[in-house]
Amino acid sequence: MSQIWYLDDAAVGTADIVATFSDKVRSYMGVVSLTGASAGGPTTHATEIQLVGDDTSATQASIDLETTEAGSFVIAAYTQNSGNGFPYNPISMTDLYRADSGSSASAAGYQIQRNSGTKSYTWEASDGHVMHTSNAVAIASFSAAP
């Protein structure tokens, strides 16, 4: 439901990203270009499915990520099936998007994590809604190139 893919050491320049979905799938994809990130992909990452069942609130879904370096670039994408309104990204993150694929609602954001260590990231349901129980989040941190 939610994944982060990356191209490591991609050629410098401009190129198209082409995604082909089956005609029966309603999907959504966001693309971000990072410069100055260390080679080798994310330094840490996590995914979790059905977060609401683990949380104490029907209006929030959370995940923890432990970054290994101060100044890491953290990016995350949350997706829930069947709409239920557009979720809000964690308040610490800058919005990349809040969107609807026709079968799900998604929110993605990023931030520079100033300190290393474990931090909890929480998505909030939009006003008048609850988090759908069928949901997932993918989160990753990238270190700066030396």
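Q113 counts as buried, at 10% relative accessibility, and that is a handy place to start with this predicted model. Q113 sits in strand 5, and its side chain is joined to the side chain of Y121 by a polar contact of 3.1 Å.

- Not counting residues up to four places away in sequence, Q113 touches T67, E69, A70, G71, S72, V74, K119 and Y121.
- Why does Q113 count as buried? Its relative accessibility is 10%, and buried means under 20%.
- I112 is also found in strand 5.
- Leaving out residues up to four places away in sequence, I112 touches G71, S72 and F73.
- For a sense of distance, take I112 and L96: they are 16 residues apart along the chain, and their C-alpha atoms are separated by 14 Å.

**V74 in strand 3**

- V74 belongs to strand 3, which covers residues 72-81.
- Is V74 buried or exposed? It's buried, with a relative accessible area of 0%.
- Beyond residues up to four places away in sequence, V74 touches L65, T67, M93, G109, Y110, Q111, Q113, Y121, I139, A140 and S141.
- V74 and T44 are 30 residues apart along the chain, while their C-alpha atoms are separated by 9.2 Å.

- N135 is buried, with a relative accessible area of 0%.
- What does the side chain of N135 reach? It reaches the backbone oxygen of H132, at 2.6 Å.
- I139 is found in strand 7 too, and it counts as buried at 1% relative accessibility.
- Setting aside neighbours within four places in sequence, I139 is in contact with I4, T44, H45, A46, I63, L65, V74, I75, A76, M93 and Y121.
- I139 and D64 are 75 residues apart in sequence, yet C-alpha to C-alpha they are 9.1 Å apart in space.

**The largest nonpolar core**

- In soluble globular proteins, nonpolar side chains tend to be buried together.
- Here, the largest nonpolar core has 15 residues, and I63, Y121, W123 and I139 are the ones that touch the most other members.
- Which elements give two or more residues to this core? They are strand 2 (60-67), strand 3, strand 6 (117-124) and strand 7.
- Y121 links back to the opening topic, with its side chain in polar contact with the side chain of Q113 at 3.1 Å.

**The largest pocket**

- The largest pocket has a volume of about 1800 Å³.
- It is lined by 48 residues, and the closest to its centre are W5, Y6, G30, V31 and V32.
- Strand 3, strand 4 (94-100) and strand 5 (104-113) are the elements that give two or more residues to the lining of this pocket.
- Which strand gives the most to that lining? Strand 3 does, with 5 residues.
- The lining residues divide into 26 nonpolar, 18 polar and 4 charged.

**E69, out on a loop**

- E69 is in the loop between strand 2 and strand 3.
- Apart from neighbours within four places in sequence, E69 is in contact with Q113, S116 and S143.
- The E69 side chain makes a polar contact with the side chain of S143, at 3.1 Å.
- E69 and S104 are 35 residues apart along the chain, and 33 Å separates their C-alpha atoms.

Conventions
Residues numbered from 1 in each chain as written. Predicted model: local features only at pLDDT ≥ 70, side-chain atom pairs only at ≥ 80, totals over all residues. Heavy atoms only, no water. Helix = DSSP H or I, 4+ residues; strand = E, 2+ residues; numbered from the N terminus. Buried < 20%, exposed > 50% of the residue type's maximum accessible area, 1.4 Å probe, protein only. Contact = heavy atoms within 4.5 Å. Polar contact = N/O pair within 3.5 Å; in protein donor to acceptor, adjacent residues only side chain to side chain. 1 Å grid on protein atoms, 1.4 Å probe; cavity = no way out; pocket = protein on both sides within 12 Å on 5 of 7 lines; lining within 4 Å. Points joined across faces, edges and corners; volume = space filled by probe spheres on them. Nonpolar A, V, L, I, M, F, W, Y, C, P; charged D, E, K, R; others polar. Core = buried A, V, L, I, M, F, W, Y, C linked by side-chain atoms within 4.5 Å.
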